[in-house]
Amino acid sequence: MNNDFEYMKEALATELVELLVDEYRITISEALDILYFSETYKKLSDEKSGLYFQSCLYVYSYLKNEITTGVMG
């Protein structure tokens, strides 16, 4: 994996955690667990998916759907 991909993935992950904390009023630790154990993060971690190129709110919509329904997008 290249450094640009890792940087973009982690920057997006940081924003996603902030959104989770704000919307669900949970701790950072809880938000990290939700994100890192999600199918959304698994897809985000696959460089071939290109999901890391999308906006934070776009990816967050997938994550919220996964939290609500148990299924990614």
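Helices H1 and H4 pack at an angle of about 55°, with their axes 10 Å apart (axes are lines fitted to C-alpha atoms over the stretch in contact, and angles run from 0 to 180 degrees between N-to-C directions). That makes H1 oblique to H4, oblique being what is left once angles under 35 degrees (roughly parallel), over 145 (roughly antiparallel) and 65 to 115 (roughly perpendicular) are taken out.

A quick word on the model: it is predicted, so local features need pLDDT of at least 70 and side-chain atom pairs pLDDT 80 or more, while totals for chains, interfaces and linings use all residues. Residues are numbered from 1 along each chain, and side-chain values use heavy atoms, without hydrogens or water.

Here is who meets whom, with contact meaning heavy atoms within 4.5 Å:

| Helix | Residues in the contact |
|---|---|
| H1 | Leu12, Glu15, Leu16, Leu19, Leu20, Glu23, Tyr24 |
| H4 | Cys56, Leu57, Val59, Tyr60, Leu63, Lys64, Ile67 |

Now for the core, a set of buried Ala, Val, Leu, Ile, Met, Phe, Trp, Tyr and Cys residues joined through side-chain atoms within 4.5 Å. Buried means under 20% relative accessible area, exposed over 50%, and partly exposed in between, with a 1.4 Å probe and protein chains only. The largest nonpolar core has 17 residues, and Leu12, Leu16, Leu20, Leu35 and Leu44 touch the most other members. H1 gives the largest share, seven residues. Leaving aside neighbours within four places in sequence, Leu20 is in contact with residues including Ile34, Leu35, Tyr60 and Leu63.

And Leu57? At 59% relative accessibility, Leu57 counts as exposed. Its C-alpha atom is 9.7 Å from that of Leu12, 45 residues away along the chain.

Note on methods. Helices (H or I, at least four residues) and strands (E, at least two) are DSSP runs, numbered from the N terminus.
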